[in-house]
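Subject: Handing over a structure

Hello,

Here is the structure I promised to pass on to you. Have a look at it first, and then read my notes below.

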Amino acid sequence: MFGAESSHGFARFVLKLLSGIVGWLAIAPVAFAVPKRRDWIAVIGRDNGKFLDNTKYFFLQARSLLPSATRMVFVTERRDVVALLAGSGCEVLIYPSFAGTWFLLRAGTLIVDSSEWVSNWRRFLLAGAKKIQLWHGVGYKRIELDKWKNEAHGGQLPFWPHVYQLRKLAYLITGRLLRYDVVNTTSQFYRDRVFEPAFAARQFLVAGYPRNTFGCADGAVSELAWKNTDPRLAASIPEWHRQGRRIILLAPTFRDTGGLPMNLTTDSIMLLENWCRENRAELVFKFHPIEKSAVLQAGQHLHVCDPDSDLYPLMPYSSALVTDYSSIYMDYLLLDRPVLFFVPDLDEYVRNDRQFQFDFLEMTPGPKPRSWRELIASLSQQLQHDSFSAARLKLKSLAFENHDQHQAVPKLIALMRSKRWIPDADTGSGTSQ
């Protein structure tokens, strides 16, 4: 029911089940008994606490909107995040540690943007806390409950509904499956068609995404947002702009099957270098952090971005985006610049990697080249004559409904206040009653 897992993978899954049982029997009862503090907010980034995506921008922007006595802490397993935010005035706690564990036990509200936060017993330490899921993308691929259900049905087994229910039970035991208090999204379309089928939640809020401020909400936020961009690229941008060079971002997603994204070869790299020289361009490759098979030797005009860095502050400085199946293109629509979908393995990807919830062609407003030669020809054309602007605008309206993305965090804070999950002002003790 869980796919063709190796014996090692099966053993890890059994350990997760046993860990979940311990969590429910020994940790969750303690967490429910410990009083929660309304003025303590835990923020946990994806991949065990990276300082990226919606949690990062919520954390940076909410600081100025919360009462000064409110304690908002970024909880992470990563020492590099602690070092990154040292001296910034932001509070960071390592987990597991005594201080991190105690804070999670007492925190009244949790902010996350992925599903990995549940691991290492965090799910059980936060039993009783209000949980807000920001998620990390809007695209066309199935996610969470909707993905599990369709995977079970896709197996063509006569008992597939039972497979789906067994998978839900397993995830309930491990802590992966839970009911959020709020799931945030970007539009009514995505709320109705994507997030309601994918998550169990008491409320779905259409607020927009904190990260779509692109790091420029105000001076303090902008300064901190740039701290975990790739420093080499951040330092190069002013000179590239002075020289009038175009910056093209290439951001492929990962393959569940482990395939190589974008199929880069020595010949294609030479082709791209020549195109950059002739067109005064710089290509910035940002591979997915879990993509281990993507190896590219940087060249004079080909640059590889640190996979764990934040690409969003760089986006306003770019002229176009090239992706394949990544949902990053949806946020890029807000900039109204050319997007190209490089999909040499489209048929294989649809068959073996991810199920699409929507028609791929309808949801991707841009050229869809299948080779590097086709890509640079399409890119040259779109940079001179942007022929997909109307199609992008239509999808942008569907995905974001003209919501001001700078209001996403204020809307979330207002909701938390209206439900009395956080204090209205500096009122002293914030212990929940």
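**The paired strands**

In strand β2, V73 is the residue that stands opposite A42. Before going further, please keep in mind that this is a predicted model, in which local features need pLDDT of at least 70 and side-chain atom pairs count only at pLDDT 80 or more, while totals for chains, interfaces and linings use all residues. Residues are numbered from 1 along each chain as its sequence is written, and side-chain values use heavy atoms, with hydrogens and water left out.

Some words on terms: helices (H or I, at least four residues) and strands (E, at least two) are DSSP runs, numbered from the N terminus. Two strands pair if DSSP finds at least two bridges between them.

Strand β1 (residues 37-44) and β2 run parallel and are joined by 4 bridges. Within β2, M72 is the bridge partner of I41. On to strand β3 (residues 91-94): β2 pairs with β3 in the parallel sense, over 4 bridges, and E91 in β3 is the bridge partner of V73. β1 also pairs with strand β4 (residues 107-112), again in the parallel sense, over 5 bridges. There, L110 of β4 is the bridge partner of A42.

How enclosed are these strands? Buried means under 20% relative accessible area, exposed over 50%, and partly exposed in between (1.4 Å probe, protein chains only). In β1, 8 of the 8 residues are buried, so β1 is largely enclosed by the rest of the structure. For β2 (residues 71-76), 5 of the 6 residues are buried, so β2 is largely enclosed by the rest of the structure too. One of the β1 residues is D39, buried with a relative accessible area of 5%. Its C-alpha lies 9.8 Å from that of S68, 29 residues apart in sequence.

A right-handed β-α-β unit is made by β2, helix α4 (residues 79-84) and β3. Right-handed here means that, with the strands pointing away from the viewer, the path from the first strand over the helix to the second runs clockwise.

**The whole protein and its cores**

The protein has 433 residues, of which 55% count as buried, and it holds 17 helices and 14 strands. Contact means heavy atoms within 4.5 Å. Of the contacts with a separation of 6 or more, 70% are between residues 24 or more positions apart.

In soluble globular proteins, nonpolar side chains tend to be buried together. A nonpolar core is a set of buried Ala, Val, Leu, Ile, Met, Phe, Trp, Tyr and Cys residues joined through side-chain atoms within 4.5 Å. The largest one has 104 residues, and F58, Y190, F195 and M330 touch the most other members. Apart from it lies another core of 22 residues, including M262, L264, C276 and L302.

Leaving aside neighbours within four places in sequence, the contacts of Y190 are V138, G139, T185, F195, M330, F358, M363 and A399.

M416, in helix α17 (residues 408-418), is buried at 0% relative accessibility. With neighbours within four places in sequence set aside, M416 is in contact with I41, F58, T109, I111, I132, W421 and I422. The C-alpha atoms of M416 and K130 are 9.4 Å apart, although 286 residues separate them along the chain.

**Inside helix α7**

D146 lies in helix α7 and is buried, with a relative accessible area of 11%. Beyond its neighbours within four places in sequence, D146 is in contact with P197, A198 and Q357.

Most residues other than glycine have a negative phi, and most peptide bonds are trans. Which bond is cis, then? A cis peptide bond joins Y95 and P96, with omega about 5°. P96 sits in the loop between β3 and α5 (98-106).

N48 is not a glycine, yet has a positive phi of about 65°. N48 belongs to helix α2 (residues 46-49) and is partly exposed, at 29% relative accessible area. R420, also not a glycine, has a positive phi of about 60°. R420 is in the segment after α17 and is exposed, with a relative accessible area of 53%.

Enjoy exploring!
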